[in-house]
Amino acid sequence: MRLLSEGAESRVFVTSIFGKSAVAKLRHAKAYRIEQIDGTLRKTRTKKEARAMNKAREVCGRVPALLGVGKFTLYMEKIEGTLLKDVKNQRVDYGEIGKTLAKMHDADVVHGDFTPANIIINKSGAWIIDFGLSDITDSIEDKALDLLLMKRSIDRKLYAGMESAYSKELKNSKLVLDRLADIEKRGRYQVRSLA
Amino acid sequence: MLVIGIESSAHTFGVGIVSDGKVLANEKMMYDVGTHGIIPVKVAETHIKNSAAVIQSALDKAGIKISELEGVGYTKGPGIGPCLQVGQIAAKTIAKRLKLKIAPVNHAVAHAEITKREGGFKDPIILYVSGGNSQILKITDKPFRHYHILGETFDIGVGNMLDAFAREIKLKPAWGSTVAKLAMEGKYIEMPYTVKGMDFAFSGLLTYASELAGKAKNEDLCYSIQETSFAMLCEATERALLLTNSRELGVCGGVAQSNRLKEMLASVCKEHRMKFGFARNEYNADNGAMIAFVAERMLEKGSHQPLEKCDVQQRYRIDRAMVY
């Protein structure tokens, strides 16, 4: 197995399963936190991630197929391409990303770390990866946070394109967008001047 | 340039004097938070009483006369309104009397910048953790040079969270360090852990731990709340470091005085062979030197403000402050 990338909470290896190129994602132990916190987080997140990936793939198709699940390890299909955060001279369809997110939210899959580091761009479009912080929930707040993370990470215009496609695709998108506006308005974003 | 900096955003009235980036004096007097915490008007009254003495003792320490000063800086925010106003008035008075240029400084920028200098950093990620603030920061040049907030708390600062919990179990101040002391004898109890990408939230953890007050051993509660909240900070910070391909991490703010937090962050950096550093505790507590340090550079770059524009902002966000 060859190390492909090292994330904050896991190491991703390239391997092969049934002759097909695959990815193994291992949540390795983190020395900075105590064993009890570390073990619980790694176990529950691995399980949660598997569940969310399966559901997301079912509804939007733009998620790698899961091939196997271990205690701290997920085996999945390998998606070729470039991470959105590293994309330079390539046209990216942000509308498509918005649409994909809307389909996931419609099925109550919340990504939890929806940033340009977790989207792969290739010829067939945008693929959503790393469901490590995902959840299955109807929480409007959590859905709005998915949007907020991306809003903070990309150019304003690109985000606007993504958001408009998102709101067209999702039935109750107004609730989510209103909550997003709410979150941004919360105390710490307000600026008031005293004389 | 000989610059005086005045800090009064919370319970510390601090005065620093800096010349060519070198700190000549860093004096302070603090409001006694007692068991009740900060009462804004009372703190402001104390600051008014102390201000002249602290300014004088800084001048004495630096060995200069007030007439030798060449510039003034003060904390514009974020902080507690009535407290900020005391420092603002003191600074404006000095500037007006001596006809000096004056620079309003963002408190968080000052913590970050002095840490950058002390740690010998070029372009670090800064984890700023204090009572009211918990943010992961990195300088960006667009559209102007400022600290971009990569992640932050969704509700309360980690310092206030630990303080509030400490009052809940009837500990005496200083709360943060008392919690740390008790934590050394504690065992782990599972507690809510909330990280969303590079953001985090502490109020659920606070409620959970507070409800266990009296039902579990204080040592165990302290240990668990501290380990859980610091692990959350570390996880979000590590994610920020990797997302931005950064190689350096600095930690600053009041909670940066915690040895356990520094040990955990050092472990994060060791895993990725990154540089880790922090300022002396004197600069992590609120202080005037960091304000003078940033004010001097602002004045040298010509970014002083006319007196009538020298206001205070309680919620002066770091990403709105230009950095020079």
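User: What share of chain B counts as buried?

Analyst: This is a predicted model. Of the 324 residues in chain B, 59% are buried. The cut-off for that word is under 20% relative accessible area.

User: Why is B:C83 called buried?

Analyst: The relative accessible area of B:C83 is 0%. Buried means under 20%. B:C83 therefore counts as buried.

User: Why is A:C60 called buried?

Analyst: A:C60 has 12% relative accessibility. The limit is under 20%, so A:C60 counts as buried. In chain A, buried residues make up 52% of the 195 residues.

User: What makes chain B as compact as a globular protein of its length?

Analyst: Chain B holds 10 helices and 12 strands. Its radius of gyration is 20 Å, and the globule rule gives 20 Å for 324 residues. The two values are close, so chain B is as compact as a globular protein of that length. Along the principal axes, the C-alpha atoms of chain B fill a box of roughly 60 × 45 × 30 Å.

User: Why is chain A called as compact as a globular protein of its length?

Analyst: Chain A has five helices and 10 strands. The radius of gyration of chain A is 18 Å; the globule rule gives 16 Å for 195 residues. These are close, so the description holds for chain A. The C-alpha trace of chain A spans about 60 × 45 × 30 Å along its principal axes.

User: What share of contacts joins residues at least 24 apart in chain B?

Analyst: Take contacts in chain B between residues at least 6 apart in sequence: 75% join residues at least 24 apart. For chain A, residues 24 or more positions apart account for 59% of the contacts with a separation of 6 or more.

User: How far apart are the centres of the positive and negative side chains in chain B?

Analyst: They lie 3 Å apart, for 40 positive and 35 negative side chains. In chain A, the mean positions of 37 positive and 26 negative charges are 2 Å apart.

User: How much of the accessible surface of chain B belongs to carbon and sulfur atoms?

Analyst: The share is 52% of about 12900 Å². For chain A, it is 50% of about 9600 Å².

Notes
Residues numbered from 1 in each chain as written. Chains lettered and ligands numbered in written order. Predicted model: local features only at pLDDT ≥ 70, side-chain atom pairs only at ≥ 80, totals over all residues. Heavy atoms only, no water. Helix = DSSP H or I, 4+ residues; strand = E, 2+ residues; numbered from the N terminus. Rg over C-alpha atoms; globule rule 2.2 N^0.38 Å. Buried < 20%, exposed > 50% of the residue type's maximum accessible area, 1.4 Å probe, protein only. Contact = heavy atoms within 4.5 Å. Areas by Shrake-Rupley, 256 points an atom, 1.4 Å probe, with all protein chains shown as cover. Lys, Arg positive; Asp, Glu negative; His and termini not counted. Charge placed at Lys NZ, Arg CZ, Asp CG, Glu CD.
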